[in-house]
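Here is a short briefing on one protein and RNA model. Please look it over with the notes below.

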Amino acid sequence: MSKKKLPKLIVILGPTATGKTKLAVALARKFNGEIVSADSRQVYKGMDIGTGKDLSEYGLSVMSFPLRIVVRGKLQRGSRKTIPRSRVTARDDNFFVPYHLINIINPNTEFNVAKHKKLALKEINDIIRRGKLPILVGGTGLYISAITDNLDFPAVGPDKKTRKKLEKLSTSEKIKLLKKLDPAALKFVDVRNPRRLDRVLEVCLAGYKFSELRKKNKPLFDYLQLGVTFQKNILDKRIDARVEKMIKNGLAEETKKIMRTYGKNTAPLQTIGYKEIIDFLKNKPGQKIDLETINLIKIHTHQFAKRQMTWFKRNKKIKWIKNKKEATILIKRFII
RNA sequence: GGGCAGGUGGCGGAGUGGUCAAUCGCAACAGACUGUAAAUCUGUCGCCUUCGGGCUACGUAGGUUCGAACCCUACCCUGCCCA
């Protein structure tokens with residue numbers, strides 16, 4: 001019952017290329033909402049094409065207002081005629097929807113779940129304070145879970161020094177060390193995954209027990225999770241079309257630009273779409289992206305979408321919806 | 001027409017008489033996931049199975065051998081070179 005007292009939060013999730021943004025924007029318009037992104041890559045400035053940012057989906061900003069006006073139902077571009085303001089109406093199905101946590105940092109800035117959780121919480125609470133409905137939208141399962149499950153992150157952040165030290169140890173030495181520092185963690189930590197093992201040791205070496213720190217807290221929101229997806233073969237086709245579009249829109253140029261300004265080893269460039277292009281350019285600098293590379297991007301995105309679904313599938317609270325109508329019905333019922 | 005190289009599991013590609021249902025990579029399928037998560041990692045991967053094993057397989061057809069993907073013969077196909 002106390003759950004009813006919690007502020008309401010809508011979550012729109014699903015694998016890549018399913019039209020989450022479009023749906024979320026439409027729902028935001030309908031329910032007076034604002035969007036908070038839960039996407040680990042769209043936070044980066046300049047990574048637009050490859051992360052499928054599609055900022056135009058959010059509608060007309062105040063700035064672009066004079067360029068697209070509707071007069072008697074007809075759209076006029078850059079009309080030079082002075083139209084009395086009273087006669088100008090923005091297309092009321094296309095007004096701007098505020099979004100948050102997109103384009104917030106440069107690619108050379110470190111980012112992670114804990115940071116995202118902190119920022120997202122702030123944005124969500126601000127939206128609630130403004131009397132609007134927060135809509136969390138994205139495909140990064142962990143980031144969403146951090147908010148909905150109110151994951152408790154250990155006080156120790158990434159530490160370069162300990163990571164350097166750990167580099168020198170072999171896996172078996174690391175396991176031995178963990179056995180000594182936090183034997184309970186051995187039960188659930190995937191020691192074959194170096195990244196996981198290192199992180200756990202990082203926490204333990206800072207004087208904590210990873211097995212005790214890692215827990216879920218009481219929920220902060222009364223949330224409704226809506227999932228959008230497609231049958232695998234259809235989703236793959238959507239992905240393919242999207243990749244083609246990205247290439248046409250200049251993904252290669254975008255990649256080069258980031259490489260130039262931040263260096264090709266910038267962490268966020270380890271993103272599907274960018275990394276394949278970097279590999280290609282390494283072998284054939286200056287050449288036009290070939291079919292093989294485009295195909296690789298498609299395949300890697302298919303695999304990514306599958307991984308996303310693996311994550312979402314075990315979350316039984318997600319209500320998988322087919323369209324905006326179903327979403328609307330569920331939200332109406334939820335926000336009463 | 002002649003010479004050379006080669007035909008192996010969905011693809012690439014090892015193997016060159018027994019320990020080969022066949023290393024490995026890719027794809028595919030399934031899964032894990034608490035500070036890199038579009039990342040990272042794990043399992044399965046000829047067919048059947050009561051999980052002991054059984055069956056069919058390395059271009060095709062024969063042969064040698066106790067035993068062949070591996071040796072021999074013929075044929076078919078592919079690539080390169082010479083006509």
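How do the residues of the surface near RNA strand B divide into nonpolar, polar and charged? They divide into 14 nonpolar, 17 polar and 17 charged. This is a predicted model, in which local features need pLDDT of at least 70, side-chain atom pairs count only at pLDDT 80 or more, and totals for chains, interfaces and linings use all residues. Residues are numbered from 1 along each chain as its sequence is written, while chains are lettered from A and ligands numbered from 1 in the order in which they are written.

**RNA surface**

- There are 48 residues around RNA strand B; a residue is near a strand if its C-beta atom, placed from the backbone, lies within 6 Å of it.
- Ser-40, Thr-51, Ala-114, Phe-153 and Gly-157 come nearest.
- H11 gives the most to this surface, with nine residues.
- At least two residues each come from helix H2 (113-129), helix H3 (141-148), strand S7 (151-152), helix H6 (194-205), strand S8 (215-216) and helix H11 (291-313).
- Helices (H or I, at least four residues) and strands (E, at least two) are DSSP runs, numbered from the N terminus.
- In the classes, Ala, Val, Leu, Ile, Met, Phe, Trp, Tyr, Cys and Pro count as nonpolar, Asp, Glu, Lys and Arg as charged, and the others, Gly among them, as polar.

**Sheet**

- Six strands form an open sheet with parallel pairing, in the order S5-S2-S6-S1-S9-S10; two strands pair if DSSP finds at least two bridges between them.
- Strand S5 (99-100) and strand S10 (319-321) are the edge strands, and each pairs on one side only.
- Strand S1 (residues 8-13) pairs with strand S6 (residues 133-138) in the parallel sense over four bridges.
- Val-11 stands opposite Leu-136 in S6.
- H3 packs on the sheet and touches S1, S6 and strand S9 (222-228). The direction of H3 makes about 150° with that of S6.

- Two packed helices are described by the angle between their axes and the distance between the axes.
- Axes are lines fitted to C-alpha atoms, for helices over the stretch in contact, and angles run from 0 to 180 degrees between N-to-C directions.
- Helix H4 (residues 160-167) packs on H6 at about 120°, with the axes 10 Å apart. H4 and H6 are therefore oblique to each other (angles under 35 degrees count as roughly parallel, over 145 as roughly antiparallel, 65 to 115 as roughly perpendicular and the rest as oblique).
- Thr-162, Arg-163 and Leu-166 of H4 make the contact with Asp-198, Leu-201, Glu-202 and Leu-205 of H6; contact puts C-beta atoms, placed from the backbone, within 7 Å.
- By class, that contact of H4 with H6 has three nonpolar, one polar and three charged residues.
- Helix H5 (residues 171-181) and H6 pack at about 40°, also with axes 10 Å apart. That makes H5 oblique to H6.
- Lys-174, Leu-177, Leu-178 and Leu-181 of H5 meet Leu-197, Val-200, Leu-201 and Cys-204 of H6.
- The contact of H5 with H6 has seven nonpolar, no polar and one charged residues.

**H8 on H11**

- Helix H8 (residues 232-248) and H11 pack at an angle of about 135°, with axes 9 Å apart. The two are therefore oblique to each other.
- From H8, Leu-235, Asp-236, Ile-239, Asp-240, Val-243 and Ile-247 meet Ile-294, Ile-297, Lys-298, Thr-301, His-302 and Ala-305 in H11.
- Seven nonpolar, two polar and three charged residues make up the contact of H8 with H11.

Methods: Contact = placed C-beta atoms within 7 Å.
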